[in-house]
Amino acid sequence: MPDQLQIERSQPGRPQSDRPMIEIRNVIRSYGAFKALDDASLTIREGEFFSLLGPSGCGKTTLLRMIAGFDNPTSGSIAVGGQPMEGIPANRRPTNMVFQSYAIFPHLDVEQNVAYGLKRLKLQGGEEKRRVEEALTQVSLTGLGKRRATELSGGQRQRVALARALVMRPKVLLLDEPLSALDKKLREQMQIELRRLQQAVGITFVLVTHDQYEALAMSDRIAVMFGGRIAQVASPKEIYQRPVNRQVADFLGGMNFVKAEIVEENGASLVVDTLGFGRVKTDKPKAFVGTGGGATLGIRPERLRVLWDNATAKFEVAGKVVERHYFGEITHLIVEIPGLEKPLSVTETNDFGADDIPVGTSIRLAYDPEALVAMAD
Amino acid sequence: MTVAAEGSPPLRMTRARRNALLQSEPVQGFALISPTFLYALVLLVLPILVVIAHSFWTQHYLTIDGTFTLENYRVALTEPIYRDLLWRSLYISLTVSFFTVVLAYPIAYFISFHGGRHKSLWLFLITIPFWTSYLLRVMSWKVILGYNGVLNSGLMGLGVIDEPSTALLYNSSAVIITLTHAWAAFAILPIFISLEKVDRTLVEAATDLGDGPLRSFLRVTLPLSAPGVISAAPIVMIPTVGDYVTPKLVGGKDGVMIANAIQAQFGKAANWPLGAALSVTTMVIVTLMAGATVLIIRALQRLAR
């Protein structure tokens, strides 16, 4: 079926250069026998909004602190803007950081906090005042300059921390879980604002987060990390749709896993046999290493659609609803498919009445074979 | 009948009020502090009142004349010897508190920032001198600073001086050295506590914004630990003004302080009213000075911003 609607596939935003801004080469950080970072290599481009995503203890904060200069690699190298960072202390690096706790100086007011780093530069003729004002405007804090840090709300403190770092005009802005202390609504609003701000100033942003939605919503590219290793680096869409392994797939939202047998394997594609979905041909992931003919096939719950009445689809599976969970705008169905060891999760929007499907109903589900992704076991 | 009808409701009210009174927080609080409060009242407030009363009376050999007079205060404030002693006491106590705070700060800083897992051990080590009596600690300084003392023999052994120096002991410097050592722990602890409260991320943030170690210390750590310094200074200053053991043992003629004069008035000189007037004068001046110190440090703190 030809595409009737031409959809812009790439993320909208300011054009990025391909010039590298941060080059991380084979970085290892060990504490005794424990390796917080195990041979991490990564290139972050100029003007990019880049996220380090992973569960706590995966090494993402360690990596961020190494870029900032608060920690040093046991081995390996880090370069920022083409300049090797080895031996350069944190106060002389072209990076600035937004701390998780915001680290607003309690003995200073908002203006003094923002001007903190500029004081040392001894700017001439009102330049300092002008830049502070500009930074406060960028983060929509005009008029609050004389407030004490203790009189600010969480969201405002976060903006002060942001302005204080941006006013230094760093090459790279590092953000250590900046939104984790905010409530859900404010967090979602700040995600949009942060992204907009990054587009406006054009500075390379490196964000550390454990919230997959945050990373997906804001980033140009994401590095997913587990146990000190970088598992995958790709655009949000690719990370979500083409995760390299079960761990990555699982971390980025729900995923149905189906056991598969490899029938045919060549350079770019893979043919597998499954019990529920039959014989499927899919793209072969770059990092795929077949282990003894076994593989795992994954499909996201929202890529399975309920077929109503006599509607048919080219690709469909039949099963029985065993559980139903209502979430307002969507309904979560658990569907048992004969032959599959685990029932499938299906997320369906409620505009056709998925929330009224009784448990026990036999239903058919349509899917797009494109949505099936092969992963190494 | 009318009396009973009118009488009973207020009675019930009173009982209810009494119960409420017993359960109210302020009352419970007063009940808890009352033993200490009474103790302080009997052994601190009353003696001070007696001293204040005496300061307005006159001594006639063995009897005391209870007519009101300001003569003692005139003597205390205008007689050169007492004025000099008071000035010297204030000078010594200010110098001692200054040096104590300046020397205590690095120690507190070291324990707080670099003590690592051994913080409690370091604090414990600081209390070791207090295991011996105050008198013994003062005496040990005599051993160190004396004519044939450790310092003199050490300097002679190194060939720095040819004969023992007499400038070390029996003067106000000896008093300052001894008191500075004696009160160190009282300054280290409050400064340590305020340094512990300084959020380490703030120091990192200052570094991130371009400050080297010295700048971040002066702009973040020092202003934020000022409360410790503010409380340490009076803690050292107030008791040292009135110290009389140290000047008596290591002060010699040059190191005599106001407390020695007060002791003499209550003892050998047997002029209680004058002693009392000197005490009250000292108390008032110390109070004013402690208040001024706190205000000055606060002003400095505001300037540093």
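Two strands are said to pair if DSSP finds at least two bridges between them. By that criterion, strand β1 (residues 20-31) of chain A pairs with strand β2 (residues 34-45) of chain A in the antiparallel sense, over eight bridges. The structure discussed here is a predicted model.

**Domains**

- The domain assignment of chain A gives domain 1, covering residues 20-241, and domain 2, covering residues 254-375.
- Taken over C-alpha atoms, the centres of domain 1 and domain 2 of chain A are separated by 38 Å.
- Chain B is likewise divided, into domain 1 (1-45) and domain 2 (80-304).
- For domain 1 and domain 2 of chain B, the C-alpha centres lie 46 Å apart.

**Contact between the chains**

- In this model, 18 residues of chain A are in contact with 15 residues of chain B.
- On the side of chain A that touches chain B, the elements giving two or more residues are β6 (95-98) and α2 (110-119) of chain A.
- The largest share of that side comes from α2(A), which supplies three residues.
- Sorted by class, the side of chain A that touches chain B has ten nonpolar, six polar and two charged residues.

**The six-stranded sheet of chain A**

- Strands of a sheet pair through backbone hydrogen bonds, either parallel or antiparallel.
- An open sheet of six strands in chain A has the order β6-β7-β8-β3-β9-β10, and its pairing is mixed.
- Its edge strands are β6 and β10 of chain A, each of which pairs on one side only.
- From one strand to the next, the twist averages 20°.
- Within this sheet, strand β9 (residues 221-226) of chain A runs antiparallel to strand β10 (residues 229-234) of chain A, and five bridges join them.
- Ile222(A) stands opposite Ala234(A), a residue of β10(A).
- β9(A) and β10(A) form a hairpin with two residues between them, and Gly227(A) in the turn has a positive phi of about 50°.

**The five-stranded sheet of chain A**

- Another open sheet of chain A is formed by five strands in the order β15-β19-β16-β17-β18, with antiparallel pairing.
- β15 (305-307) and β18 (344-349) of chain A stand at the edges with a single partner strand each, so one side of each is left without a neighbour in the sheet.
- Neighbouring strands of this sheet are turned against each other by 50° on average, with direction ignored.
- Strand β16 (residues 316-326) of chain A and strand β17 (residues 330-336) of chain A run antiparallel and are joined by six bridges.
- His325(A) has His332(A) in β17(A) as its bridge partner.

**Further hairpins of chain A**

- Strand β11 (residues 256-265) of chain A pairs with strand β12 (residues 269-274) of chain A in the antiparallel sense, over five bridges.
- Glu261(A) stands opposite Asp273(A) in β12(A), and the hairpin that joins β11(A) to β12(A) passes through three residues.
- β12(A) also pairs in the antiparallel sense with strand β13 (residues 278-283) of chain A, over six bridges.
- Val271(A) stands opposite Lys281(A) in β13(A), and a hairpin through three residues joins β12(A) to β13(A).

**Helix α8 of chain B**

- An α-helix has 3.6 residues a turn, so residues three or four places apart point the same way.
- Helix α8 (residues 172-196) of chain B has 25 residues, which at 1.5 Å a residue should span 36 Å; the end C-alpha atoms are 35 Å apart, in agreement with that expectation.
- α8(B) also contains a kink of about 45°, and this kink is centred on Trp183(B).

Note on methods:
Residues numbered from 1 in each chain as written. Chains lettered and ligands numbered in written order. Predicted model: local features only at pLDDT ≥ 70, side-chain atom pairs only at ≥ 80, totals over all residues. Contact = placed C-beta atoms within 7 Å. Helix = DSSP H or I, 4+ residues; strand = E, 2+ residues; numbered from the N terminus. Nonpolar A, V, L, I, M, F, W, Y, C, P; charged D, E, K, R; others polar. Domains from an automatic or database assignment. Expected span 1.5 Å × (residues − 1). Bend = angle between axes of the 7 residues up to and from the residue. Axes fitted to C-alpha atoms, helices over the stretch in contact; angles between N-to-C directions.
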